[in-house]
Amino acid sequence: MENHGLADPALTTALALLVGLAAQVIAHHLRLPGIILLLVAGALMGPDGLGLIVPESVRDALPHFIGFAVAVILFEGGLNLKASRLRHSSGTIQRLITLGAGVTLIGATGTAHFILGWDWRLALLFGTLAVVTGPTVVAPLVRRIRLNKRLATILEGEGVLIDPVGAILAVVTLDIVLRPSLSSAFSGFIEIAVSLGIGALSGLVGGWLIAAMLRMRGSIPEQLENVFVLSAVLVLYQLSNVLQPESGLAAVTAAGIVVGNTRTPAHRQLAEFKEQLTLLFIGMLFVLLSADVRFDELFALGTPGLVVVAILMLLVRPLGVILCTSGSDLSVRERLFLMWMAPRGIVAAAVASYFALRMQEAGVEGGLEVRAMVFLLIIVTVTLNGLTGGLIAYWLGVRLPRGQGWLILGAQPLGLALGRALRDAGVPVCFLDSSADATRTAQDSGFKVVFGNALEEKTLQRAAPEQFHGCVAATVNEEMNLIFARKMIEEYRVGQCYVATNNRDGHITTDMVRRAEAKVLFGGERDLRRWETALARSEAGTSLWVYRRRRVVRAGIDGLPPADVIGVLLPLVRIGRWGRAHPIGDDTRIRRKDRVAFVIMESKRD
């Protein structure tokens, strides 16, 4: 049904925003891919459902919604691509977004022509839309499945980089279809190359300027940094399109990569802001776009439509992966997983809806059928890949092993005391340090040690932090501790990180640690150098206490250790009644019969 009384553009937009976020919240709790519920919510709230959302009311503004939203989404995707990780899989990614895209284009075009009976023009349009995979779908799936680092990098890199390529290819192809001629076809191929080139160049320059402004301390007030970047990205998108039509998507993707690989003071806050904006835009767009697709359009595709999707998933994608990974060092199991994982997402849906609008305006039939086929492809690939990806990754053995033990930055006396307390509780420990003397002492104590600079990629590759349950930064350099923790959380997605901070002449506050999604080690800020010196001089030792009071306390807040002995007790590790051991953080709760390992000043020991 369709409720024309609700056909107000502002109300439709507001409802789409609310419904989109609500659907993603529910999907998060159900551990489902968000797009599945977004599609369901759009259909339920749209004209074929309750009729509360009327896409027709925002028809004129929809192309602008799509352009700005996709620009922010691709910029955010570029922010998350780290050059250090891409470098090791660059060959495979390059082949996937070139040769692989060509295989998909040919396969999807031929399949649509012969199975659906479409003419070659419509089939070609569908083929260009089937090229793009969805970074907004792939990235959450990769995190949830916990794929090994190489596979995760390849899938995320393909998803982000193929979107501007596929979108430009699709839009230029649409122009050729609407004005068919040999000269337009030839100029179309030239236009694709020029759009990608100008877009990439504009993005590199624009990204460098944005990063330079962020790195100039005081040039932009801290509270305005995020909105400055947002406005700059939108201007870059439109300016690049003015210079060369359809080049804006390539520009914002390149700019995102540049800014994401430049260390700026606002890097963490910027990533969080853009991620939230992306979720907002994805929710709104998917609800609006899926509400605009009628059920009878999907049902009209019937069995042939499902056959097309099956051929793309089971024949075309595997063939493309086989060709693109030939000669690579990927294992057979890794290649099999790449063959299965190719969900389509918001960019395909947005461009398909744009096609339908353009073709309707030009009086060319078939736009609604192409859009319906693209949405059917999205529905099936996202549902199957989302629901089966984790199980298939488990069967193929390409998931990261469940985290065990702790990686500790700093094999100095303070870190060693923590490591011994964890090891005594039966927890594996590995140290990471650049001091030859410290690493030798740790090795002599029976610990596994990785020697090198903790912020260098080659050192972290040997340490493999993603295989640990968590990381602890326990050096006396609190700035180094926080930088290390951020790197572990942002780039290696380590689940738990603890940061040691100073209460004397310290610059890293508890709030800064919490904003980095880490925890403050030792229950709160401590005089790290004093404890380090005491342990080095054997003026302090470790003792294990049993907590017998019935009241649950929180380290650093409720008096553990008590305020009157704060300078002579340093809490290290909590061991629960079932034997599970964790470092003490500012959120650690101590319960009755828990054991707590402390460092105690010798003069105060009983």
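Trainee: In what order do the six strands of the open sheet with parallel pairing lie?

Mentor: This is a predicted model, in which local features need pLDDT of at least 70 and side-chain atom pairs count only at pLDDT 80 or more, while totals for chains, interfaces and linings use all residues. Residues are numbered from 1 along each chain as its sequence is written, and side-chain values use heavy atoms, with hydrogens and water left out. Strands (E, at least two residues) and helices (H or I, at least four) are DSSP runs numbered from the N terminus, and two strands pair if DSSP finds at least two bridges between them. With parallel pairing, the six strands of this open sheet have the order 3-2-1-4-5-6.

Trainee: Which are the edge strands of that sheet?

Mentor: An edge strand here pairs on one side only. That applies to strand 3 (448-451) and strand 6 (519-520).

Trainee: Which residue of strand 3 stands opposite Asp433?

Mentor: Strand 2 (residues 429-433) pairs with strand 3 in the parallel sense, over four bridges. Opposite Asp433 stands Phe451.

Trainee: At what angle does helix 18 run to strand 2?

Mentor: Helix 18 (residues 413-424) lies across strand 1 (406-409), strand 2 and strand 4 (470-473). Axes are lines fitted to C-alpha atoms, for helices over the stretch in contact (heavy atoms within 4.5 Å), and angles run from 0 to 180 degrees between N-to-C directions. Helix 18 runs to strand 2 at about 165°.

Trainee: In the antiparallel open sheet of four strands, what is the order?

Mentor: Its edge strands are strand 7 (540-546) and strand 10 (581-583). Strand 7 is joined to strand 12 (residues 595-601) by seven bridges, with Ala540 opposite Met601. The order is 7-12-9-10.

Trainee: What angle does helix 23 make with strand 12?

Mentor: Helix 23 (residues 528-536) lies across strand 7, strand 9 and strand 12. Its angle to strand 12 is about 80°.

Trainee: How many residues apart in sequence are the parts tied together by Glu158 and Arg317?

Mentor: The two form a salt bridge, their closest N and O atoms being 2.8 Å apart; the term requires a side-chain nitrogen of Lys or Arg within 4 Å of a carboxyl oxygen of Asp or Glu. Because Glu158 lies in helix 9 (residues 149-178) and Arg317 in helix 14 (residues 295-324), the parts tied together are apart by 159 residues.

Trainee: Are Arg371 and Glu297 buried or exposed?

Mentor: Arg371 and Glu297 form a salt bridge with closest N and O atoms 3.4 Å apart. The pair links helix 17 (residues 367-396), which holds Arg371, to helix 14, which holds Glu297. Both residues are buried.

Trainee: Why are Arg440 and Asp437 separated by about one helical turn?

Mentor: Their side chains meet in a salt bridge at 3.1 Å, N to O. Arg440 is partly exposed at 45% relative accessibility, and Asp437 is exposed at 53%. The separation is about one turn because the two are three residues apart in helix 19.

Key:
Buried means under 20% relative accessible area, exposed over 50%, partly exposed in between (1.4 Å probe, protein chains only).
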